[in-house]
Amino acid sequence: MERDAGRVDVLIAGGGVAALEATLALRALAEDRVAITLVAPESDFVYRPLAVAEPFRVGDVRRFPLRPLVKAAGAELRQGSIAAVDPDRRVAVAEGGQEELSYQVLLLALGAVPRAALPGALTFRGPEDGPALAALLEQALEGQLRSLLFALPAGVTWPLPLYELALLTGTFFTDRGTTGLELTLVTPEEAPLGLFGSRASEAIRELLETRGIALRTHSTPMSFEEGALRLAPEGEIEGAAVVALPRLEGPRLAGVPCDPQGFVPTDEYGRVGSEVDVYAAGDLTQFPLKQGGIATQQADTAAASIAAQVGADVEPIPFKPVLRGLLLTGMVPRYLRAQVGTADSVADTEALWWPPAKIVGRYLAPFLAERLGLPETPPRTGAEDVSVELELSVGEPESTLRRITTPSRTTSSRITARPALVTHLSSFGSSTTTSAGGSGDGPLAS
Ligand SMILES: Cc1cc2nc3c(=O)[nH]c(=O)nc-3n(C[C@H](O)[C@H](O)[C@H](O)COP(=O)(O)OP(=O)(O)OC[C@H]3O[C@@H](n4cnc5c(N)ncnc54)[C@H](O)[C@@H]3O)c2cc1C
């Protein structure tokens with residue numbers, strides 16, 4: 001497989017989360033055995049999760065010039081788009097068909113395409129929809145809207161941004177002394193953020209209640225027309241406006257197998273179909289959870305497989321996802337963690353991982369933290385070994401959150417993100433906004 005100075009040519013299609021994580025992992029694991037080229041159309045890496053904070057003016061979407069970022073990660077950037085792959089000839093065909101990029105190993109990390117799924121609603125896809133949401137908030141501040149609905153259409157597997165938008169809206173109006181605006185979150189989920197397990201769900205249910213946000217579960221929003229959100233299996237809810245998340249579709253690249261939704265099937269090592277030299281990671285894969293932390297774990301899995309394939313002393317490890325989510329609430333954020341497919345479920349107001357980023361990537365998170373001048377190591381170590389249970393009593397204000405630490409595998413203690421540090425991190429992972437009166441709701445805001 002080797003050629004040219006003994007290096008294997010790895011082509012990574014994409015310049016987002018999975019592509020960067022895979023580059024960093026591959027450089028760490030395969031070292032000089034690989035020459036890595038990334039091909040992506042954009043000139044900036046956009047840290048999209050903070051898009052939810054921008055309309056409320058409590059955080060900015062971070063942008064990193066892509067070329068120097070890719071270089072620092074140990075690869076070369078080719079600006080452009082891939083339109084097709086010919087696995088037999090081991091070439092990726094660039095958009096327009098003029099150019100072919102040859103590879104020895106190909107990693108597809110093209111992400112997914114967001115599509116509006118709820119007619120009549122404002123679909124929040126990311127930074128591009130921030131101004132429309134900000135305009136809606138303005139209208140509500142001026143008293144033109146009395147109720148806002150936050151709706152999760154069927155088939156959206158990463159609902160966390162919708163909860164953030166609802167909670168941040170609540171805090172936004174409380175901070176401005178606006179009362180009487182009804183907020184309702186409508187979701188087909190059985191329990192709020194049920195994918196994080198029952199403990200996290202209960203904590204989120206209580207949080208919504210404390211913030212005065214009504215919750216309607218088991219209800220699939222279908223369309224919004226003339227002030228009514230139609231639901232399946234039945235019923236409707238009145239509202240002045242609806243904010244919804246998009247449904248994702250796969251990129252459908254010619255020459256690459258995909259399912260009817262355009263997503264690429266992979267095995268547990270990240271390989272595409274029966275191709276030995278083609279891998280895929282991130283939102284474009286068939287794995288149902290479309291989330292940055294999952295994308296990085298898939299990228300790590302694929303990178304380990306590629307490293308082993310090129311002769312590095314690395315044991316490929318099958319993909320075993322852990323779901324981590326940092327929920328911005330307008331006050332103290334919530335750290336949520338679940339082992340996918342098990343009952344393991346944790347929610348906490350203090351960092352459960354480090355750096356306390358929205359997108360958790362073994363290599364990417366510290367790499368970006370370094371570029372932001374953030375400390376690479378926590379004040380104390382071992383957060384991932386600590387199991388923490390969050391307990392809330394009905395009707396209690398958030399400031400009385402109680403945490404119970406259950407026995408951990410190690411003697412290490414939890415991480416306490418100090419206020420100064422969290423203020424610094426507000427541009428990265430956490431929101432430090434306090435509610436009217438500056439009460440905050442826990443240690444991070446004190
Ligand atoms: C508002 C919002 C909030 C979010 N919040 C969180 C959160 O809190 N936590 C979390 O973990 N995740 C969150 N996510 C999800 C997270 O951003 C994605 O899951 C993650 O970016 C997926 O990584 P990816 O590499 O698969 O795709 P992307 O990061 O989307 O990267 C895809 C890359 O492929 C490139 N590309 C596309 N087509 C081509 C082509 N034909 N040729 C070459 N390059 C191409 C794109 O330009 C891009 O560089 C959020 C997303 C949004 C929109």
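Of the 129 residues in the largest nonpolar core, the ones that touch the most other members are Val-10, Ala-22, Leu-26, Leu-107, Leu-108 and Ala-109. Helix α1 (residues 17-30) supplies the largest share of this core, 10 residues, and the core draws at least three residues from each of domain 1 (8-112 + 250-399) and domain 2 (115-247), the bounds coming from an automatic or database domain assignment. Such a core is a set of buried Ala, Val, Leu, Ile, Met, Phe, Trp, Tyr and Cys residues joined through C-beta atoms within 7 Å. A residue is buried if 20 or more other C-beta atoms lie within 10 Å of its own, exposed if 12 or fewer, and partly exposed in between, with C-beta atoms placed from the backbone.

The model is a predicted one, in which local features need pLDDT of at least 70 and side-chain atom pairs count only at pLDDT 80 or more, while totals for chains, interfaces and linings use all residues. Residues are numbered from 1 along each chain as its sequence is written.

Of the 446 residues of the protein, 48% count as buried, and the secondary structure comprises eight helices and 25 strands, taken as DSSP runs (helices H or I, at least four residues; strands E, at least two) and numbered from the N terminus. Among contacts between residues at least 6 apart in sequence, 67% join residues at least 24 apart, a contact being a pair whose C-beta atoms, placed from the backbone, lie within 7 Å. Ala-109, leaving aside residues up to four places away in sequence, touches residues including Ile-12, Gly-14, Gly-16, Ala-22 and Gly-282.

Helix α4 (residues 160-175) has 16 residues and reaches 22 Å from its first C-alpha to its last, close to the 22 Å expected, the expected span being 1.5 Å times one less than the number of residues. Because 14 of its 16 residues are buried, α4 is largely enclosed by the rest of the structure, and Gly-177, with a positive phi near 70°, follows α4. In α6, 17 of the 18 residues are buried, so this helix too is largely enclosed by the rest of the structure, and just after α6 Gly-311 takes a positive phi of about 100°.

Definitions and conventions. Two residues are in contact if their C-beta atoms, placed from the backbone, lie within 7 Å.
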